[in-house]
Amino acid sequence: MTHDQKNILSVRDMDREEIDALLTAAAKFDQKKFTGHELEGKILAVLFFEPSTRTRMSFASAMMRLGGKILNLGSVEASSIVKGETLSDTIRVISGYADAIVLRHPKEGAARLASEVASVPVINGGDGAGQHPSQTLLDLFTIRKSMKLENIDIGLQGDLRYGRTVHSLAAALTKYDDIRLHTIAPEGLDLPSHLKQDLTDAGMEIIVHENIEETIPELDVLYVTRLQRERFPDPAAFASFAATYRVTPELLERAKPSMIVLHPLPRVDEIDQSVDNLPCAKYFQQAHYGVPIRMAMLDEVMRS
Ligand code: NCD
């Protein structure tokens, strides 16, 4: 890692000022206040070792909107990784081809490892069940569009054990005042205890709920996630969790009129499609904010 390399690996490494500065920059990009030449001449390498639609495409869109170009690894099967090349070697080589790297990888810690051998900035596009900082920033951006990020009740529902978006979001929320975190997960899929410990050590109040019906009237934000099927060690265990919960218009009748529903997407069947047109459904708008957020991140790490 070079001395002045600016990586974005985890929200844990960022203080509240850094997060707020990126959210403010994203608001500027969202209002179309940019020239489109900010990253002219720069190349972003996109290395995704796991499937992705939003993160991959919105990073590419963000880079192109700022005048930069994209270098795609393409499919893992078509790369030298199938010949047994290590991640470190791949990253060392690609450092010479691009001005920054965005990496998604199934192993927790992969982005940090990559940053140690890279000679250009590394952005974590999701590392296993670990962190997903660009998703967290766009989640915070979406919440801030509807309410102040203080003194609010946020419900995390779904696969809180393997879902990196909730791990990442919860860590970021500890940096804001009076956020109460309500967890609603099938038994066995609650937040890992070491994460709960970190959150409580950081002063966050966590309230564990058995069911969504009793929780929903208290919430300002309901953040729903899918079961992370690919991270279940035992497919048979997955089957027993599937379809254990579903957000429906009937359920939402119990919510405060100002409550918003977020989801990092992809949705499988945890939010009924009839919710999509309700004013509380913000998940597609949330996905759109991925572009201005990633523009802010790319500008931050590559601006010369
Ligand atoms: C999430 C991810 O990859 O962690 N997707 C995304 O980036 N929006 C959530 C998920 O896959 O469930």
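This is a predicted model: local features need pLDDT of at least 70, side-chain atom pairs count only at pLDDT 80 or more; totals for chains, interfaces and linings use all residues.
Domain bounds, as used in these legends, come from an automatic or database domain assignment.

View 1. The assignment gives domain 1 as residues 11-130 together with 290-303, and domain 2 as residues 134-287, so that domain 1 is written as two stretches of the chain. Taken over C-alpha atoms, the centres of domain 1 and domain 2 are separated by 25 Å.

**View 2. The interface between domain 1 and domain 2.** On the side of domain 1, 30 residues are in contact with 26 residues of domain 2, and the area buried between the two domains is about 2200 Å², with carbon and sulfur atoms giving 57% of that area. Nine residue pairs in polar contact are found across this interface, with both residues of each pair at pLDDT 80 or more. The elements that give two or more residues to the side of domain 1 that touches domain 2 are helix H1 (16-30), helix H2 (54-65), strand S3 (100-105), strand S4 (122-127) and helix H12 (290-302). H1 provides the largest share of this side, with nine residues. By residue class, the side of domain 1 that touches domain 2 divides into 13 nonpolar, seven polar and ten charged residues.

**View 3. Salt bridges between the domains and in the whole structure.** Five salt bridges are found across the interface of domain 1 and domain 2, whereas a search of the whole structure finds 17. Arg231 and Glu50 form a salt bridge in which the closest N and O atoms are 2.9 Å apart. In another salt bridge, the side chains of Lys6 and Glu300 meet with an N to O distance of 3.2 Å. Because Lys6 lies in the segment before H1 and Glu300 lies in helix H12, this pair ties together parts that are 294 residues apart in sequence.

**View 4. The surroundings of the ligand.** The residues that surround the ligand are Arg54, Thr55, Arg104, His132, Gln135, Arg164, Thr165, Arg226, Gln228, Pro264, Leu265 and Pro266. Among them, His132 places a polar side-chain atom 2.8 Å from an oxygen atom of the ligand. For Arg226, an N or O atom in the side chain is 2.7 Å from an oxygen atom of the ligand, and for Gln228 the corresponding distance, again from an N or O atom in the side chain to an oxygen atom of the ligand, is 2.9 Å.

Terms used. Residues are numbered from 1 along each chain as its sequence is written. Side-chain values use heavy atoms; hydrogens and water are left out. Contact means heavy atoms within 4.5 Å. Buried area is the accessible area (1.4 Å probe) that two parts lose on being put together, summed over both. A salt bridge is a side-chain nitrogen of Lys or Arg within 4 Å of a carboxyl oxygen of Asp or Glu. A polar contact is a pair of N or O atoms within 3.5 Å; within protein, one must be able to donate a hydrogen and the other to accept it, and residues adjacent in sequence count only if both atoms are side-chain atoms. Helices (H or I, at least four residues) and strands (E, at least two) are DSSP runs, numbered from the N terminus. Ala, Val, Leu, Ile, Met, Phe, Trp, Tyr, Cys and Pro count as nonpolar, Asp, Glu, Lys and Arg as charged, and the others, Gly among them, as polar. A residue is near a molecule or strand if one of its heavy atoms lies within 4 Å of it.
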